[in-house]
Amino acid sequence: MKASGKHTAFIVALAIGLIGLLASGGNSAALAEQTNQSLPNILWLTCEDMGPHLGCYGDRFATSPNLDRLAAKGMRYLNVWSNAPVCAPARTAIIMGVCPTSLGAEHMRSEVALPPGMRMYPQFLRERGYYCTNNVKEDYNVTKPGKVWDESSGKAHWKNREPGQPFFAIFNFTTTHESQIRVRPHQLRHDPSRVSIPPYHPDTPEVRHDWTQYYDKIAEMDSQVGARLRELEEAGLAEETIVFFYSDHGSGMPRNKRWPINAGLRVPLIVYVPEKFRHLAPADYQPGGTSSRLVSFVDLATTLLSIAGIEPPPWMHGRAFMGKYAQEGPRYLFGFRGRMDERFDMVRSVRNHRYVYVRQYMPHLPFGQHVAYMFETPTTREWKRLYDEGKLTPEQRFFWEPKPPEELYDLETDPHEVRNLADSPEHREVLEEFRRALREHVLEVRDAGFLSEPEMHRRSAGSSIYEFAQDPNRYPLEKIFAMAECAARRNPEDLQVLLRGMTDPDSGVRYWAVMGLAVRGKPAVEKGTPLLRQLLRDDPSPSARIVAAWALAEYGGADDLRNALETLVSLAPPDKNGAYTGAFAVWVLDLLGPKIEPVKPLLEGISRTDPNAPARANSYVGRLLSHIFGTAVKYD
C-alpha cells in the first residue's frame, strides 16, 4: 500500500483541492467534451457480506452461473482485502482511497470531517465528464465534501445521463447481507447436509441452516447480477463498459464479519475489460484468467481515476492496478478493527501472499464481545450456548476467550486460520517481518487509531482528525505506538516501562500505560494503584480516567471500586460528555458486570444521545444500556 508519509500531506491535499475547484469551471468541461468519446463506461456490481464463495472461485456448493460467466470472460483476483471487516469503514476506504485509520474513520458508523482539499472519487470522475450514480447504499464514515453523486438513491441509474455521456454506475445488492442469513421462515434451496462447516463453528442443525441460507442468498444475488448484465447488453453497451464485481467484506457469519483476518477481509473481485478498452486492462489481464496481485479497497479509487486518465492525488494511499497510472502491486495488505457498533476494540492485521498476521491491542478481551446485532444470528447464540456448556473443541472455544497478543496463520496449510503460529520458533523470522511491516505502515499512514475514539475527537478539536494526526507535535505517534506495543505484550518485565508511562505528558501514552496494567491483571494493577488513583482523580483526558477506573474497579479494593464507579457514571451521559466518551464509559460499566449493581439506578435516567453528535454516533449508549438492563435493542 502506497502512502505519502509526509506530515504536510494535508497542505498538499488543500492545494490539489483548490486546483480541482478551479478546473471545475470551463476548463474541465472543455476537457470532458474532447475526451468523452475515448472514455469507457464503468459499471460496479457490488454485494454485501460475502467472501469468495462462488463457483468461479472453486466453491462447488455455490450456485453462481452469472458471475461464473462474467469471470470466464473477465479476470478473477485471488488476493483481495476489504481493509475493514464491516461495511461503513470498508466503504470509507473505497470512496476515499485513503486508509480510514489515517482519517480517524475506522470505527463502525462514526462520522469525521475531511481536511480541506480531500474529495471523494466520484467528484473527480464528474469533473472528467462522467455521469455518476449510486444505487443505493453509501454508509461512509466521513462527511461528504459537497455534491458527490449526480444521483444516489434507489432509482439512480446510468440511463438518466445526457446522450453520449460516459457513466460510472454502482448497483449494490443487499441480498447477501448478514441480516438476510437469519430471516425466518426460510425454505432452504441448497442441501444443508452438504454444506461445509468451518472448524471454528460447531456443527449443529442451526449452524448448518445459517450457512446454507447464506448460499441460498448468494444464488439469489447472482440472479440479480445477471439481470443487470442483460440490461447492459440489451442497451448495446456491453462492449463499451468495464465491469467490476466485488463484495464489501467477508461473509456475514460470526467470526468472519467484524474480524480483520482473511475470513473477514477476503472478497471476490472480478473485472471485465472489453476489447475496445484493453489498453486500460491490468498488465496481467487474460480473459478467464486469474491474478495473484495483492489488492485492497484503498486501491479502488486510484484505479478508477487511472482508468479515466486522472492522475491520483498524492494523499491517496492506494495503488492503481489498471489504467494509465497503474503501479506495481504492494508487498502487503493491511486490515483493522476499531469499535464495532457498541463494543470497543483495537486490532491491526497484515497479510502477504501466504501469511496473515494479527496484532491485538486489547488482548484481555474475548474475540466474541456481545455485539447485539451479531447475536441476532442463530449461529452466534448457538455457538455461545455450547461454549457456556463446555461442549466445544479448542478451535471452537477460541472465539469466546481472551485473545493472544499476536496471531500468525499460514494460509497455504491452514486456510481456516485456526492454528496460531505466533509462538512457533520455526516462524520467528516471519513474525518479525510482519511486526516491522505493521510498524512501518502505522507510521507511514499516521494511524490515528492509537488514540481512543473519544480522545482523537477531543484532541483534534478545531481541525480534522487527519490534519491533527499528520502533525508530530500534536500527535507523537512513535512514542504512543511504542507504549501500545508494550501494553499489549503482557511481558512482566515491562512493568516499570508502564509505570513510567503513566506520568508521561501525553495522554495517549498514559492511556496505553494504564491499559497495559489492566492487560496484566491484579499484580500489575496493585503495583500501579497509587498512580491509578491519581489519574482517576486528576487526569484531563476522560479516556485515561475511564481506563484507570476500569483497572481499579476490576482489581482494586472496595474504596477503589466505589470511586471508579462514581467516575464512570459521571462520564456516562452523552449529553454532558459527548457521544464517544459516553459510549466508552458505559461500555466499561457493562464489562464490569455485577460490580455495577450499586450504581445501576443512576444509569436508568441518563440521556442516551448527544444533541451535538452526528446521528451515526448516537445509538451506542442506548444499546449498551439495553444490555445492562436486559431490554430489547432498538436498531436505527
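Trainee: Where does E234 lie in this model?
Mentor: In this predicted model, E234 lies in helix α8, which covers residues 205–234.

Trainee: What makes E234 count as exposed rather than buried?
Mentor: Exposed means over 50% relative accessible area. E234 has 70% relative accessibility, so E234 counts as exposed.

Trainee: How far apart are E234 and T46, in sequence and in space?
Mentor: They are 188 residues apart in sequence, and their C-alpha atoms are 21 Å apart in space.

Trainee: Let's turn to a strand. Why is β2 called mostly covered?
Mentor: Buried means under 20% relative accessible area. In β2, residues 75–81, six of the seven residues are buried.

Trainee: How do you know that β2 pairs with β7 and with β8?
Mentor: Pairing needs at least two bridges between two strands. β2 and β7 (residues 269–272) have three bridges, in the antiparallel sense. Six bridges join β2 to β8 (residues 289–296), and these two run parallel. Follow Y77 to see both pairings: Y77 stands opposite L269 in β7 and opposite S291 in β8.

Trainee: Why are α18 and α20 called roughly parallel?
Mentor: Look at the angle. The axes of α18 (residues 507–520) and α20 (residues 542–555) cross at roughly 15 degrees and come within 9 Å. Angles under 35 degrees count as roughly parallel, and α18 and α20 are therefore roughly parallel to each other. Their crossing is left-handed.

Trainee: Which residues meet there, and how do they divide into nonpolar, polar and charged?
Mentor: From α18 come Y511, V514, M515 and A518, and they meet residues of α20 including S543, W550 and Y555. The residues of this contact divide into ten nonpolar, one polar and no charged.

Trainee: What makes β9 and β12 the edges of their sheet?
Mentor: Four strands form an open, antiparallel sheet in the order β9-β10-β11-β12. β9 (333–337) and β12 (406–410) each have a single partner strand, so one side of each is left without a neighbour in the sheet. On average, neighbouring strands here are turned by 15 degrees against each other, direction ignored.

Trainee: How do you know that β9 and β10 pair?
Mentor: The cut-off is at least two bridges, and β9 and β10 (residues 347–351) have five, in the antiparallel sense. One spot to look at is L333, which stands opposite R351 in β10.

Trainee: Which helix packs on this sheet?
Mentor: Helix α13 (residues 428–445) does, touching β9, β10, β11 and β12. The direction of α13 makes about 60 degrees with that of β11.

Note on methods
Residues are numbered from 1 along each chain as its sequence is written. This is a predicted model: local features need pLDDT of at least 70, side-chain atom pairs count only at pLDDT 80 or more; totals for chains, interfaces and linings use all residues. Side-chain values use heavy atoms; hydrogens and water are left out. Buried means under 20% relative accessible area, exposed over 50%, partly exposed in between (1.4 Å probe, protein chains only). Axes are lines fitted to C-alpha atoms, for helices over the stretch in contact, and angles run from 0 to 180 degrees between N-to-C directions. Angles under 35 degrees count as roughly parallel, over 145 as roughly antiparallel, 65 to 115 as roughly perpendicular and the rest as oblique. A crossing is left-handed if the near helix is turned anticlockwise from the far one by less than a right angle, and right-handed if clockwise. Contact means heavy atoms within 4.5 Å. Ala, Val, Leu, Ile, Met, Phe, Trp, Tyr, Cys and Pro count as nonpolar, Asp, Glu, Lys and Arg as charged, and the others, Gly among them, as polar.
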